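Good morning, everyone, and thank you for making time.

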Amino acid sequence: RFVGAGHHGHILSLFVKSRVPNSGSGGAAGGTTTKKDADGPSQLALVGDIMRSLSVVRYYPRHRTLEEVARDYNANWTTAIEMLTDDVYLGGENWNNLFVLRRNAD
């Protein structure tokens, strides 16, 4: 699901994607539950930073905050992103190259 573009904290984003289904129930059906998330399912979003690369943020609806949980430190001029699973991400950059990233959830 496409979330939108904008400024999220200190991340200037062109693309934001999430695997949370768009439903009126308010829940995150299909999300993964972690020990840190006592509030319910995890709500992860993939952020395509225009100048750097990809970042993964977690949304806490109870506190209405975002926390960065992972980042690619290799600079890429990101032009497209896709969240394949909660831990595998696909990105495209301005030189027409694709790159795949895997988050180490440990």
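I will begin with contacts, where contact means heavy atoms within 4.5 Å: of the contacts in the chain with a separation of 6 or more, 40% are accounted for by residues 24 or more positions apart. Please bear in mind that this is a predicted model, in which local features need pLDDT of at least 70 and side-chain atom pairs count only at pLDDT 80 or more, while totals for chains, interfaces and linings use all residues. Residues are numbered from 1 along each chain as its sequence is written, and side-chain values use heavy atoms, with hydrogens and water left out.

How many helices and strands are there in the chain? There are zero helices and eight strands, where helices (H or I, at least four residues) and strands (E, at least two) are DSSP runs, numbered from the N terminus. Of the 106 residues in the chain, 35% are buried, and buried means under 20% relative accessible area with a 1.4 Å probe, counting protein chains only. The chain exposes about 6800 Å², of which carbon and sulfur atoms supply 53%; these areas come from the Shrake-Rupley method with a 1.4 Å probe.

Three strands form an open, antiparallel sheet in the order E6-E7-E8, and two strands pair if DSSP finds at least two bridges between them. Strand E6 (78-83) and strand E8 (98-102) each have a single partner strand and stand at the edges, so one side of each is left without a neighbour in the sheet. From one strand to the next, the twist averages 20°.

Consider the two pairings in turn. E6 and E7 are joined in a hairpin with four residues between them, and they pair in the antiparallel sense over five bridges, with glutamate 82 opposite leucine 90 in E7. Strand E7, which covers residues 88-93, also pairs with E8 in the antiparallel sense over five bridges. Here valine 88 stands opposite arginine 102 in E8, and tyrosine 89 has leucine 101 in E8 as its bridge partner.

Finally, which residue takes a positive phi in the hairpin of E7 and E8? In that hairpin, with four residues between the strands, asparagine 96 takes a positive phi near 65°.

Methods:
Buried < 20%, exposed > 50% of the residue type's maximum accessible area, 1.4 Å probe, protein only. Axes fitted to C-alpha atoms, helices over the stretch in contact; angles between N-to-C directions.
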